[in-house]
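Let's take a friendly walk through this model together. Have your viewer ready and follow along.

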Amino acid sequence: MKILVLHGPNLNLLGRREPEVYGSFTLEEINASVQKLAAELGVQVEFFQSNHEGELVDRLQEAGESCAAVIFNPGAYTHYSLALRDAVAAIPVPVVEVHLSNIYAREEFRRHSVIAPAAAGQISGFGPDSYLLALRAAVNLAAKKEIEKLDAKD
Ligand code: DQA
């Protein structure tokens, strides 16, 4: 089972970017902890970060063909990208939306996600642990889907 971990704009700056909001860990450190849990759970993970909306759309579409689930932090695109929302809705695999910060406890413009209605669920506010919780959720969702597929064949 392969799971894509997709990071949106400015997340490449983690560690240096507003550490009082996002903490001091880097994206590489987050990826390493996700990789470690993935090994424990016996799943494969791949990572991709982009500051470009179209690249994120492309990667979601590819994951729809090749991955069992996606963990997605859309960054600021969360709040207004209908192209990303449509891509999440278009692919046949579950997408777990992730945020490091609690977007509901921040500025008004961050309290709305246009991605959430198309996602399987959302995890927000637990720092790097948001990604680990999302991985567990993604693995469970993907496993459930596999079982449903097998049942449909009987
Ligand atoms: C974020 C929250 C967004 O509002 C912000 O634009 C980000 C990061 C988070 O992980 O907390 O870039 O998605």
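Which residues does tyrosine 131 touch, not counting residues up to four places away in sequence? They are Val5, His7, Leu11, Ile30, Val34, Ile71, Asn73, Val98 and Leu100, where touching means heavy atoms within 4.5 Å. This is a predicted model: local features need pLDDT of at least 70, side-chain atom pairs count only at pLDDT 80 or more, and totals for chains, interfaces and linings use all residues. Residues are numbered from 1 along each chain as its sequence is written, and side-chain values use heavy atoms, with hydrogens and water left out.

Now for the sheet. Its 5 strands are parallel and form an open sheet in the order β2-β1-β3-β4-β5. Strands (E, at least two residues) and helices (H or I, at least four) are DSSP runs numbered from the N terminus, and two strands pair if DSSP finds at least two bridges between them. Because β2 (44-49) and β5 (121-124) stand at the edges with a single partner strand each, one side of each has no neighbour in the sheet. Between β1 (residues 2-7) and β2 there are 6 bridges; valine 5, for instance, has phenylalanine 47 in β2 as its bridge partner. Helix α5 (residues 129-153) packs on the sheet and touches β1, β2, β3 (69-73), β4 (95-99) and β5.

Note on methods: Axes fitted to C-alpha atoms, helices over the stretch in contact; angles between N-to-C directions.
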